[in-house]
Amino acid sequence: MEGSNMNDMSQFDQGVAVDTIKMQSRGVNVFYGDTHAIKDVDVDIADKTVTAFIGPSGCGKSTFLRVLNRMNDTIDICRVTGKTTLEGEDIYDPKVDPVQLRAKVGMVFQKPNPFPKSIFDNVAYGPRIHGLSQNKSDLEDIVEKSLRRAALWDEVKDRLQAPGTGLSGGQQQRLCIARAVATSPEVLLMDEPCSALDPIATAQVEELIDELRTQYSVVIVTHSMQQAARVSQKTAFFHLGNLVEFDETDTIFTNPSDPRTESYITGRIG
Amino acid sequence: MTDMPISTAPARSLYAQDARTKKRNRAESRFRTYGMAAVATGIIALIVLLTSILGNGLSAFRQTYVSFPVELTAERLDPDGNRNPEEMAAVTTFGYLPILAESFAAHLEAEGIETEMGIREIAAMLSEEAPAQVRAMVLANPELVGTTIDAQILVGGRIDGYFKGRVTLDSAERDRNVTPEQLMLAQELADRGMMETRFNWEFITWPDASGSRPEAAGLGVAIIGSLYMMIVVLVLALPVGVAASIYLEEFAPKNRLTDLIEVNISNLAAVPSIVFGILGLAVFINFMNFNQSSPLVGGLVLTLMTLPTIIIATRASLRAVPPSIRQAALGLGASKMQSIFHHVLPLAMPGILTGTIIGLAQALGETAPLLLIGMVAFVREYPDFLSTHSNTFPLMGDGATALPVQVYSWTQRSDPAFVERASGAIIVLLVFLLMMNLIAIVLRRRFERRW
Amino acid sequence: MLWILLTLLFLGTLGYVLGRQRALASAGGDRRVLHSLPNYYGLNVTLLTLVPALLVLGLWLIIQPIAVERSVAAQIPAGYMESVENPTLLMTEVRRLAGGIDDAIDRGFLSPEEAANLASDTDIRAQLAGAGVALGSDVSEEVLVAAQSFRALNATGSTMMLIVVFLLAFAGLAYAYARTHKDLRARNRVEYAVLAILMGASTLAILTTVGIVLSMLWDTRNFFQLYPWQDFFFGLEWRPSFEGDSDLGLIPLLWGTLYISFIALLVAVPIGLFAAIYMAEYASRRVRSVAKPLIEVLAGIPTIVYGLFALITVGPLLRDYFAQPLGLGDSSSSVMTAGIVMGIMLIPFVSSLSDDIINSVPQSLRDGSYGLGATQSETVKQVILPAALPGIVGAVLLAASRAIGETMIVVLGAGAAARLDLNPFEAMTTVTVKIVGQLTGDTDFSSPEALVAFALGLTLFVITLGLNIFALYIVRKYREQYE
């Protein structure tokens with residue numbers, strides 16, 4: 001079952017191999033105070049592709065993910081060097097407003113973090129602050145579309161005014177995905193989106209990620225190699241702040257070129 | 001890796017801020033400015049408050065004196081001539097007034113200072129307290145009688161105010177307590193170096209004075225009263241507070257009584273202080289017949305007020321001692337009581353002391369409850385705290401007043417010179433508070449432990 | 001008094017030494033045979049010596065004055081009692097005279113025999129004045145008799161107290177000493193006693209509350225017997241007069257209290273809240289480490305200082321630059337004065353509580369909002385504040401309860417005239433000001449004008465208690481939500 005699934009994906013991969021690069025990083029270093037957290041990383045994020053970042057905890061994969069939408073800006077002691085572009089534009093250029101960047105590069109977090117508001121207001125939050133709707137019915141459309149895209153609509157359509165915190169864990173995470181989707185981003189970053197969920201909810205979210213790929217470029221950080229194998233087309237392996245290997249997911253899992261990758265995949269480090 | 005083409009020409013460039021983003025960023029900086037303004041307002045309020053108090057009060061630490069030789073004529077001060085202080089005490093301050101007046105006038109003449117004022121008007125420049133000052137000097141040392149001493153004599157509040165800028169020639173025209181001529185004479189004396197405004201220790205050591213002699217009013221009694229109350233609070237509140245905290249934190253079973261006590265303590269911490277004053281009045285004075293304005297009653301009331309603060313701080317520092325310490329002691333066969341008294345309590349001590357000092361500082365500044373138990377009374381006697389009249393409660397002490405209450409009573413007096421005194425008293429109070437807080441900070445810094 | 005305590009302390013120490021020795025002796029000098037450490041045997045004896053004696057001593061000291069007072073008051077002829085204007089002051093006079101005579105003996109002006117033979121037809125006032133004791137008025141026969149019996153009763157009482165206390169101490173010592181034996185579980189007994197003491201200390205909080213409520217309830221009841229409660233709670237006039245026939249309506253005082261508190265909150269809540277937001281969300285560590293303590297200094301300043309600030313700075317300033325030019329009055333003490341100064345006092349109160357509450361909003365909510373491209377202010381306004389709202393409401397309620405119970409600022413800044421008015425530049429008065437006003441100075445505690453203060457105090461207590469309990473409940477609920 002697992003194997004055939006992967007085969008399907010690799011066939012699909014062949015089809016998009018010529019796809020364009022959405023985001024590109026060159027020589028990225030991140031420092032937390034005196035700690036050198038990310039060392040000279042080059043990564044290309046392809047459009048309409050799921051890219052997975054894997055590696056042992058503390059390897060810098062989440063930190064690097066946060067480089068991509070400048071979430072590290074909110075941490076005082078964090079310093080980022082190197083060049084990262086979105087569609088050719090340097091996102092660390094002083095002219096760039098991180099607020100506009102984050103509208104294009106959305107993010108979903110490890111723990112579901114719905115706002116203490118109604119389900120509707122949670123999803124409508126992004127469109128409202130970015131002014132994406134002309135009027136109320138427009139906004140309702142966006143909310144419905146986003147909830148549908150997050151495969152949550154059928155479960156919550158009758159209680160849109162109920163508080164978002166009242167949903168189950170898996171529903172909350174899908175609500176957060178709907179919330180991120182509602183701002184119509186171009187890239188969607190997911191920081192271990194399933195680590196707080198049970199297996200059933202995880203399966204739902206993974207299915208959703210696969211669907212999102214048709215519209216967005218998705219970057220997912222995960223602890224689980226199986227998850228990376230299941231959902232991604234490209235995989236980057238981080239170790240101690242270095243990008244050890246970045247290749248087609250198939251290649252990484254079947255024929256890694258670096259011995260460290262192999263050790264990790266076979267469970268000897270991590 | 002670079003075989004893929006980079007997608008270019010984004011629909012919305014990141015480099016250009018759209019109108020909406022600009023608007024949002026303006027709102028953002030507006031909001032941020034509000035925040036900064038709020039912080040600044042708080043700090044400015046603090047600065048204005050302190051400047052106002054310092055500006056009004058610093059001059060209380062300086063006082064104007066006039067120096068001239070005083071001839072202590074024997075026939076007036078010691079009619080019998082045997083230098084017996086008990087007999088000389090029969091001469092009241094009224095007997096000393098003419099001596100001062102004549103010596104002052106004679107000195108002016110000797111110095112060649114001409115004035116059209118009569119001797120009464122000249123004497124009125126001196127403080128009403130001055131004769132008492134000289135009398136005390138003479139009674140302490142009877143041998144002075146018959147000699148001429150060079151004395152520094154306190155001058156009246158209005159003349160003093162002239163050198164501090166509070167009184168001007170213009171205002172003197174409208175003031176029946178002082179005339180422009182007196183001020184001009186004072187100026188001349190100052191020019192000749194006979195009248196000077198110098199540092200005023202007496203402000204800290206002397207007792208209060210009546211409403212017509214602000215220049216002699218001091219804080220001595222109030223400081224002693226406050227000190228005595230702080231000792232009472234420390235002696236009662238610290239052990240009781242620590243005992244209560246140990247029980248609640250370490251021994252108390254989780255039941256309704258414990259819950260009730262906990263809710264009670266947090267509520268007591270927020271009960272208006274004046275309510276404690278009513279409690280003190282009703283229980284200690286009306287029911288138990290303790291002396292009004294006794295610092296013991298004040299101390300008891302302040303103890304009850306301070307207890308919640310101390311209990312809350314003590315419990316927090318007991319909680320901060322990790323359970324591993326307790327378990328280690330218990331594991332060696334110590335009883336629970338021993339593990340707490342030998343190991344936990346010493347480790348929690350810095351925190352407890354810090355909390356206690358902060359509680360004491362609160363108590364030191366508290367005014368309202370003390371007004372109700374009569375500590376606002378006018379007290380001129382240095383209190384004898386161990387006075388043991390057989391018909392009063394032992395250790396009760398004589399009436400006293402306290403620093404913040406002294407401030408209040410001075411604000412109720414009509415002479416504007418008392419504004420200066422009240423502000424000066426606040427400076428003394430703030431200095432005490434500052435010292436206590438510094439001790440608390442040092443304690444915390446020195447003994448702060450990270451587990 | 002001091003020597004009683006010292007003697008008791010000596011007995012306690014003696015008990016400690018004796019108990020320790022006896023325990024060791026019973027073990028034949030081998031401390032390992034003892035059930036507990038030797039110290040515990042000593043402490044056991046000390047506790048049994050001191051605790052009962054001290055308890056009785058304390059109780060005696062509280063009860064004796066009351067008992068003596070009652071019995072002396074009963075001895076004064078009823079006819080004389082009625083003839084004096086003020087029966088409550090009579091006892092004060094008796095006490096003062098008795099104290100004066102004792103003073104005179106202490107200072108050697110009177111021998112005890114002379115004191116016992118004082119007669120009312122001689123000028124006692126002058127005699128005592130010679131001894132440096134000042135009496136307020138001349139002494140009547142009845143007062144002298146009462147004072148002498150007051151002295152006699154006190155003397156007997158004190159002697160009996162000594163006997164009882166020392167008997168108890170010795171009995172405790174002897175009993176505990178006799179029981180001391182190597183097998184006595186001394187540590188358990190000592191620890192049990194200590195636990196009882198600890199427990200007693202913790203119930204003091206409840207006793208205080210009970211004391212507050214009872215003392216005010218009692219006198220409030222007395223007040224309502226003299227003055228109808230409807231007129232108190234719904235009266236629109238506050239006009240006490242010491243000839244009787246006062247109007248003692250609560251409404252104008254309550255109005256002043258609430259008006260001033262409202263203005264104070266109007267100042268403190270926005271400033272405190274924005275300051276808290278700035279500190280928690282914007283300020284760099286450096287700025288915070290300077291600004292936060294500075295603002296908190298405001299909380300450590302005694303209220304009398306704010307009162308003086310209102311009186312000498314803010315009041316005249318408001319009068320000269322606002323009230324008079326605008327034609328709104330020319331009083332320097334006003335609702336505005338007290339309200340603004342009280343608002344300044346409350347800033348740190350609101351800001352530090354709100355700061356804590358804002359900081360306890362989980363970081364994940366902020367991340368979620370920033371991740372969607374919200375600006376910081378949008379995050380604060382739309383995510384953090386709604387999440388923190390219950391806690392902030394609790395903080396504001398606590399601040400309101402502070403404002404309502406605040407005394408010195410309004411005593412010095414608000415004025416003394418009870419008024420139902422809307423003009424904030426008018427002087428008005430508050431519940432707390434009137435409590436101080438009615439209870440300071442020479443008060444006759446049987447008149448409604450004095451007793452009304454207790455009813456005011458009770459009202460104040462109930463209002464602030466209600467606010468506190470409600471606020472603490474909200475804050476606690478809020479904390480649980482994010483724990």
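Predicted model: local features only at pLDDT ≥ 70, side-chain atom pairs only at ≥ 80, totals over all residues.
Local features rest on pLDDT of at least 70 and side-chain atom pairs on pLDDT 80 or more, while totals for chains, interfaces and linings use all residues. Residues are numbered from 1 along each chain as its sequence is written, with chains lettered from A and ligands numbered from 1 in the order in which they are written.

Chain B first. Its secondary structure comes to 19 helices and 3 strands, taken as DSSP runs numbered from the N terminus (helices H or I, at least four residues; strands E, at least two). The radius of gyration of chain B is 32 Å, whereas a compact globule of 451 residues would come out near 22 Å; the value is taken over C-alpha atoms, and the globule rule is 2.2 Å times the number of residues to the power 0.38. Along the principal axes, the C-alpha atoms of chain B fill a box of roughly 115 × 75 × 40 Å. Among chain B contacts with a separation of 6 or more, 77% link residues 24 or more positions apart, a contact being two C-beta atoms, placed from the backbone, within 7 Å.

B:Val91 sits in the loop between helix H3 (85–88) and helix H4 (93–110) of chain B. It counts as partly exposed because it has 17 C-beta neighbours inside 10 Å. C-alpha to C-alpha, B:Val91 and B:Ile265 are 59 Å apart in space, and 174 residues apart in sequence.

On to the interfaces. Chain C puts 82 residues in contact with 79 residues of chain B. Helix H8 (residues 186–226) gives the most to the chain C side, with 20 residues. That side has 52 nonpolar, 23 polar and 7 charged residues, where Ala, Val, Leu, Ile, Met, Phe, Trp, Tyr, Cys and Pro are nonpolar, Asp, Glu, Lys and Arg charged, and the others, Gly among them, polar.

The contact between chains A and C takes 24 residues from chain A and 17 residues from chain C. By class, the chain A side has 11 nonpolar, 8 polar and 5 charged residues.

Chain A also holds an open sheet of 4 strands, ordered S2-S1-S4-S5 with antiparallel pairing; strands pair if DSSP finds at least two bridges between them. Strand S2 (35–46) and strand S5 (89–90) each have a single partner strand, so one side of each lacks a neighbour in the sheet. Strand S4 (residues 78–86) is joined to S5(A) by 2 bridges, and A:Thr85 has A:Asp90 as its bridge partner in S5(A).

Notes: Buried ≥ 20, exposed ≤ 12 C-beta atoms within 10 Å, placed from the backbone.
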